[in-house]
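Welcome, and thanks for taking a look at this one with me. Here are some notes to read alongside the model, point by point.

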Amino acid sequence: MFNTVLIANRGEIALRVARTCRELGVRTVVVHSTADRESAAVRFADEAVQIGPPAASRSYLNVPAIIEAAVRTGAEAIHPGYGFLAEDPDFAEICEKHGITFVGPPPEVMANLGDKAVARALMAKAGLPVLPGSHGTLSSCAEAREVAKEIGYPVIIKAAAGGGGRGMAVVWEPQDFRRLYNQTCAHARAVFGDDRVYVERFVEAARHVEVQVLCDRHGAAVHLGERDCSVQRRHQKLLEETPAPGLPPELTAQICDAAVRGALAVGFVGAGTFEFLVDEHNNFYFIEVNCRIQVEHPVTEMVTGIDLVREQLRIAANAPLGYGQEQVVTRGAAVECRVNAEDPERDFAPTPGVLSRFWPPGGPFTRVDTQAYPGWRIPPQYDSLLAKVVVWAPDRDQALDRMDRALGEFEIAGVYTTLGFLRDVLAQPLFRDAKHTTSLAEQMLSERFPDTR
């Protein structure tokens with residue numbers, strides 16, 4: 001195991017990684033911007049290094065400053081968390097050139113899977129089902145329109161370099177295609193520096209199911225079960241749970257097996273997530289791979305008892321998994337809600353500010369991952385995630401009741417939050433009956449704000 005790990009991230013994930021390192025006896029160095037000098041991660045790490053001003057481009061994405069901090073503090077490995085540099089193959093390669101272990105897949109694997117068009121082709125070759133669509137990226141709007149015409153509307157245009165729910169546009173009618181094609185290309189060029197796109201059939205009423213996999217450097221791979229992430233707004237996940245409710249066990253077993261098969265086919269190493277759509281006829285389709293720890297990883301930890309960050313570090317240190325698929329046992333049900341500093345009444349606009357009150361819930365089988373505390377000023381430069389509330393129970397009904405109790409206890413003042421909206425989701429009959437799809441949140445908003453949708 002490593003002696004010192006540098007954490008190249010901020011917020012709750014930086015604190016989350018630091019905690020596991022502490023339990024492993026690993027010294028931690030956290031880098032931070034000037035806006036985060038009072039953060040909880042800075043407070044709890046063994047050492048903190050300021051690397052730049054609030055703008056992420058000059059701090060958390062400042063590769064030379066991060067590498068310099070790692071070399072100067074003697075860090076043998078860098079854990080990138082999620083977001084920022086977590087899926088940047090160039091950064092992973094630079095780490096390697098400096099003799100620093102990047103906690104994640106090899107650069108060439110990340111490069112292939114980070115290009116969603118390439119990943120789609122690789123998974124099709126490995127025998128995973130993919131949605132009808134283009135073979136690779138498209139060179140022109142005319143070519144893309146031909147593909148859309150061939151597979152039928154609605155279609156979705158996706159940025160090859162996209163991620164995090166960004167760089168996508170659904171086209172319902174042919175007359176809208178050119179405008180949305182140009183819009184998606186421009187967005188992809190501005191955000192990802194890469195305007196290549198591809199086209200797939202859009203499945204409107206789908207379930208979003210993903211599989212957590214772990215692969216070591218010795219050819220062993222396991223899955224840790226599936227997560228249902230169908231409660232989304234504009235492709236941003238709001239609530240996640242495991243196991244995926246309302247799906248036949250034989251179907252989820254097929255999806256999990258497909259994820260492991262895909263991971264082995266591309267030489268995946270580390271913790272990754274294979275994402276799928278499940279349509280109303282229980283057909284499933286591969287959509288993408290995330291080569292990092294996920295925001296929603298705690299629900300998997302709750303039902304398996306496996307610390308995913310610990311496994312990431314062990315794998316990066318060349319340790320074998322040490323267990324096979326038959327040793328992975330899941331128990332009960334777990335649910336996670338993302339509490340964001342956003343105002344649902346104003347189309348979920350971020351609401352940075354000072355937390356005049358912050359009283360997180362507790363109680364049996366209730367976990368809160370957060371960097372927040374009373375008096376903390378939420379910086380406007382970063383994402384609006386305030387806390388993740390995670391609960392476990394022997395079955396789904398008890399888990400949902402426990403989550404409702406926990407959200408009801410959560411006291412936050414000084415900013416608007418999504419607490420109320422999340423409790424509304426929990427009360428939805430469609431959700432309670434596990435008959436919801438990715439359109440649930442938008443349906444709720446259409447009923448709540450009929451004049452603005």
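1. A term to start with: a residue is called buried under 20% relative accessible area, exposed over 50%, and partly exposed in between, using a 1.4 Å probe and protein chains only. By that rule F274 is buried, with a relative accessible area of 0%. F286 is buried too, at 1%.

2. Some ground rules before we go on. This is a predicted model, in which local features need pLDDT of at least 70 and side-chain atom pairs count only at pLDDT 80 or more, while totals for chains, interfaces and linings use all residues. Residues are numbered from 1 along each chain as its sequence is written, and side-chain values use heavy atoms, with hydrogens and water left out.

3. Now the overall layout. The chain is divided into domain 1 (4–103), domain 2 (132–201) and domain 3 (206–448); such bounds come from an automatic or database domain assignment. Taken over C-alpha atoms, the centres of domain 1 and domain 2 are 34 Å apart.

4. Let us begin with the sheet. Helices (H or I, at least four residues) and strands (E, at least two) are DSSP runs, numbered from the N terminus, and two strands pair if DSSP finds at least two bridges between them. Five strands form an open sheet in the order β3-β2-β1-β4-β5, with parallel pairing. The edges are held by β3 (47–52) and β5 (101–102), each with a single partner strand, so one side of each has no neighbour in the sheet.

5. Inside that sheet, β1 (residues 4–7) pairs with β2 in the parallel sense over four bridges. One example to find on screen is L6, whose bridge partner in β2 is V29. Strand β2 is mostly covered, with six of its seven residues buried.

6. T28 is found in strand β2 (residues 27–33), and T28 counts as buried at 2% relative accessibility. Contact here means heavy atoms within 4.5 Å. Not counting residues up to four places away in sequence, T28 touches V5, I7, A18, C21, A45, D46 and E47.

7. How many of the 14 residues of α1 are buried? Ten are, so α1 is largely enclosed by the rest of the structure. The expected span of a helix is 1.5 Å times one less than its number of residues. Helix α1 (residues 11–24) reaches 21 Å from its first C-alpha to its last, close to the 20 Å expected. After α1 comes G25, with a positive phi near 75 degrees.

8. Just after α9, G267 takes a positive phi of about 70 degrees.

9. Now for the rings. Rings of Phe, Tyr and Trp (its six-membered ring) pair if their centres lie within 6.5 Å; planes under 30 degrees apart count as stacked, over 60 as edge-to-face and the rest as tilted. Twelve aromatic pairs turn up in a search of the whole structure. One of them is the tilted pair of F274 and F286, at 6.4 Å centre to centre with 55 degrees between the planes. F274 lies in β12 (residues 270–278) and F286 in β13 (residues 284–290), so this pair ties together parts twelve residues apart in sequence. F276 and F284 have ring centres 5.8 Å apart and planes at 75 degrees, so their pair is edge-to-face. Both F276 and F284 are buried. Ring pairs link F268, F274, F276, F284 and F286 into a cluster.

10. Rings can also have charges over them: this is counted if NZ of Lys or CZ of Arg is within 6 Å of the ring centre and within 35 degrees of the ring normal. R43 lies over the face of Y373, at 4.8 Å from the ring centre. Likewise, the charged end of R396 sits over the ring of F431, 4.7 Å from its centre.
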